[in-house]
Amino acid sequence: MGELMRRFWVPVLLQEELPAPDSPPVRVRILGEDLVAFRDSSGRVGLLDSHCPHRLADLFFGRNEECGLRCVYHGWKFDVEGNCVDMPNEPAESSFKQKIRTTAYPTEERGGIIWAYLGPKDLLPAMPDLDYMQAPASHRFVGKVLLECNYFQSIEGDIDNSHVGFLHSLVGTTTVPGSPVTSSTQLQYQMRDKTPRGFVKETPYGILHAWRRNADLSHYHWRYNHWLMPFYSHVAGPPGSTLGIFLRPPRDDETTWAFVIRWHPERPLTDRERTALATGESVMPSLKSGTHFSKANRGNDFLIDRALQRSYSFTGISGSIYVQDMAITETMTPIVDRSREHLGTSDVAVIAVRRMLRRLARELQDGIEPHAAHHGEVYRVRCVEGLLPRDVPFSEDAPRQLLAARP
Ligand code: FES
Ligand SMILES: [Fe+2]
């Protein structure tokens, strides 16, 4: 599966983590590899093996100066391509420097994120043309949080729709705490009908999964969501609301980076929306200052409040609804033993995504490259939710009808 992921561009850092030329280097752990990232004097981003190839000193302590990262142990210096450009502890006439290279991965900056390609050099993929990347920076928020579980558990939270009416509900009411769309009638359908019918379809980008609930006697409420190769999900919202995208690259087998994107296709985010995202009242958890670690975490049982659980909140976990998701997906154990599960009809999207990933991993072993890696344009999809007459069936065209029906 790691080989399959290495066929794609992978999000590794927020752009703001390397804010300026020659700013301090940053540790990066991604796909089980320890790397160091730096922005050189000309603004280019380098992503190198964290260990200096001389005697393996940690380049995190390096000096970022004059277009390269200099190891502080004996002064060897590397450019963003991994070339050794200075070796001051060897004789000036030595050609040893020319023989030394370190691992360096190509990087790109797009949509507020620094991306890297960690795969074979001759198979450079296309950047996924995610919808939100078209919008100016004013229209988006991009945050990052560490999850203490395998990447796939966190993805399954995005594509498992029936949990919404339970995990994120209030006791005895039909609203969602901490949601940016609490007032929406559309969201109430998810609270009222706890038995959604799920539909799935394989697509060039991944899986289209739609969820149908009873609305009134002549309509169903539909949510059309996407899961995109290899670890992205789009989550629908009601008309006029901000849209959500989650990028969930594995940090290693047992931890995951979640890049949380919230954006609006037509307008800048308001100050209130930004504040709610930054302070953990919305879909981002509240973070420990200067880190990407949630204040509510496994170590403190996600600050569960049993009195609140009896009187108000289904979980007793308040603040961001995302903390409720983290509490469940992280405590399943770092990697779930799937031989112990009992999957039902509500797990139809989980099953579809597992099948697709396993098939693509096996195909890659047989020499078949994943289509989406070289077709960034297949990522140009948007999710949508709304009401449709009961006789409109699940189809790839239904999202168009839903969008057309909006004011
Ligand atoms: S270990 Fe880096 S220069 Fe010696
Ligand atoms: Fe959730």
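## Iron site

In this predicted model, the four donor atoms around the iron ion (ligand 2) subtend angles of 54 to 153°, so their arrangement is irregular. The protein donors are H163 (NE2), H168 (NE2), D325 (OD) and D325 (OD), at 2.0 to 2.7 Å from the iron ion (ligand 2). Donors are N, O and S atoms within 2.8 Å of the metal (3.2 Å for Na, K and Ca), and since water is not among the atoms, sites may look incomplete.

Along the sequence, the donor residues follow the spacing H-x4-H-x156-D. Both H163 and H168 are buried (buried means under 20% relative accessible area, exposed over 50%, partly exposed in between, with a 1.4 Å probe and protein chains only).

## Basis of the values

Residues are numbered from 1 along each chain as its sequence is written, while chains are lettered from A and ligands numbered from 1 in the order in which they are written. Because the model is predicted, local features need pLDDT of at least 70 and side-chain atom pairs count only at pLDDT 80 or more, whereas totals for chains, interfaces and linings use all residues; side-chain values use heavy atoms, with hydrogens and water left out.

## Strands

Six of the six residues of strand β1 (residues 9–14) are buried, so β1 is largely enclosed by the rest of the structure. Helices (H or I, at least four residues) and strands (E, at least two) are DSSP runs, numbered from the N terminus. β1 pairs with strand β10 (residues 113–117) in the antiparallel sense over five bridges, and L14 stands opposite I113 in β10. Two strands pair if DSSP finds at least two bridges between them.

An open sheet of four strands runs in the order β5-β6-β7-β8, with antiparallel pairing. β5 (63–64) and β8 (84–86) stand at its edges with a single partner strand each, so one side of each lacks a neighbour in the sheet. Between β5 and strand β6 (residues 69–70) there are two bridges, and R63 stands opposite R70 in β6.

## Backbone in the loops

A cis peptide bond with omega of about -10° joins M229 and P230. P230 lies in the loop between β14 (219–228) and β15 (232–235).

D22, which is not a glycine, has a positive phi of about 65°. D22 belongs to the loop between β1 and β2 (26–30) and is partly exposed, with a relative accessible area of 33%.

How values were computed:
Four donors count as tetrahedral if all angles lie between 85 and 135 degrees; four count as square planar and six as octahedral if opposite donors are over 155 degrees apart and all others between 65 and 115; anything else is irregular.
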